[in-house]
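Hi everyone, thanks for having me. Could you put the model up on the screen, please?

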Amino acid sequence: MKKNKLTVARRSIWFFLKIVAVSILVGALAICFVFTGMYVGNIYIVVTEGMALRAECILQDGSLNELSEYFTDEWLARDELLNSDRYADYTVTNYDHRLSIRGISAMFGRREATMKVLERMASLSGKPNSDAVTGALPEWTDVLYEVTFTMDEESRWYISELKVIEENPPAEVKPTPDYSLLDTAEDDE
């Protein structure tokens with residue numbers, strides 16, 4: 001049976017067009033994944049460094065000017081804990097600030113992203129600045145936040161809001177190893 005040359009040419013063209021279309025689709029998806037990964041990496045750095053600097057400013061009167069590298073000016077003006085004088089009468093000598101990421105939502109092409117972040121203070125110690133101050137150093141409240149990020153015109157991410165989801169969330173229970181299940185060298189002898 002003799003095939004028509006036009007049919008063979010048409011099938012060949014459709015084959016190559018399908019290959020090109022699939023290649024373009026795969027390339028576009030790869031570009032989206034790369035840029036989304038870049039977004040996630042950038043907002044991770046912004047939240048970890050920004051929240052650590054915020055804790056330093058609250059506890060040890062750090063430079064508020066440096067916070068504008070991580071937070072929008074509008075949020076800095078509204079941040080209740082940052083603008084309070086809760087630790088003003090104390091000298092904080094040592095603290096262990098911990099941040100754990102619970103979830104990230106960022107997509108290529110969007111200028112807004114969100115992240116769930118648990119902020120804990122594992123230890124906090126200090127002393128009053130004067131004898132007139134009575135009472136112990138105020139405790140730090142552990143908070144689960146929903147952090148909202150916005151991208152500016154220069155493609156730079158800033159924290160634009162910290163929404164409290166839960167205060168003093170329960171600590172995750174760490175599994176305790178059962179040492180009786182370990183196989184030791186003494187048992188083998």
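I'll go through confidence, overall shape, salt bridges, a surface patch and the cysteines.

First, some ground rules. This is a predicted model, so to speak: local features need a pLDDT of at least 70, side-chain atom pairs count only at pLDDT 80 or more, and totals for chains, interfaces and linings use all residues. Residues are numbered from 1 along each chain as its sequence is written, and side-chain values use heavy atoms, with hydrogens and water left out.

Okay, confidence. pLDDT is the predictor's confidence in each residue, from 0 to 100. The protein averages 89, and 93% of the residues score at least 70. Which elements have the lowest and the highest mean pLDDT? Helix H5, residues 185-188, is the lowest with 51, and strand E3, residues 143-151, is the highest with 97. Where pLDDT is low, the predicted coordinates should not be read in detail.

Next, the overall layout. Helices (H or I, at least four residues) and strands (E, at least two) are DSSP runs, numbered from the N terminus. We have five helices and four strands here, and along the sequence they read α-α-α-α-β-β-β-β-α. The radius of gyration is 27 Å, well over the 16 Å that the globule rule gives for 189 residues, so the protein is more spread out than a compact globule. That radius is taken over C-alpha atoms, and the globule rule is 2.2 Å times the number of residues to the power 0.38. Along its principal axes, the C-alpha trace spans about 105 × 70 × 25 Å.

How much of the protein is buried? Of the 189 residues, 28% count as buried. Buried means under 20% relative accessible area, exposed means over 50%, and partly exposed is in between (1.4 Å probe, protein chains only).

Now the salt bridges. Side chains of opposite charge can pair when their charged atoms come close. The cut-off here is a side-chain nitrogen of Lys or Arg within 4 Å of a carboxyl oxygen of Asp or Glu. The structure holds five of them. One joins arginine 54 and glutamate 119, at 3.6 Å from N to O. That pair links distant parts of the chain: arginine 54 is in helix H1 (residues 5-60) and glutamate 119 is in strand E2, 65 residues apart. Both arginine 54 and glutamate 119 are buried.

Another bridge pairs arginine 120 with aspartate 142, with the closest N and O atoms 3.1 Å apart. Arginine 120 lies in strand E2 and aspartate 142 in the loop between E2 and E3, so this pair ties together parts that are 22 residues apart in sequence. Aspartate 142 counts as buried, at 15% relative accessibility. Also, salt bridges that share partners join Arg54, Asp79 and Glu119 into one network.

Over to the surface. Ile31, Val34, Phe35, Met38 and Phe108 make a nonpolar patch of about 430 Å². Phenylalanine 108 sits in the loop between strand E1 (90-105) and strand E2 (112-128), and is partly exposed at 36%. Patches use residues with over 30% relative accessible area and no salt bridge, joining like charges within 9 Å and nonpolar side chains (Val, Leu, Ile, Met, Phe, Trp, Tyr) within 5 Å.

Last, the cysteines. How many disulfides does the search find? Zero, across the whole structure, where a disulfide is a pair of cysteine sulfur atoms within 2.5 Å. Cysteine 32 is partly exposed at 30% relative accessibility, while cysteine 57 is buried at 6%.

Definitions and conventions. Areas by Shrake-Rupley, 256 points an atom, 1.4 Å probe, with all protein chains shown as cover.
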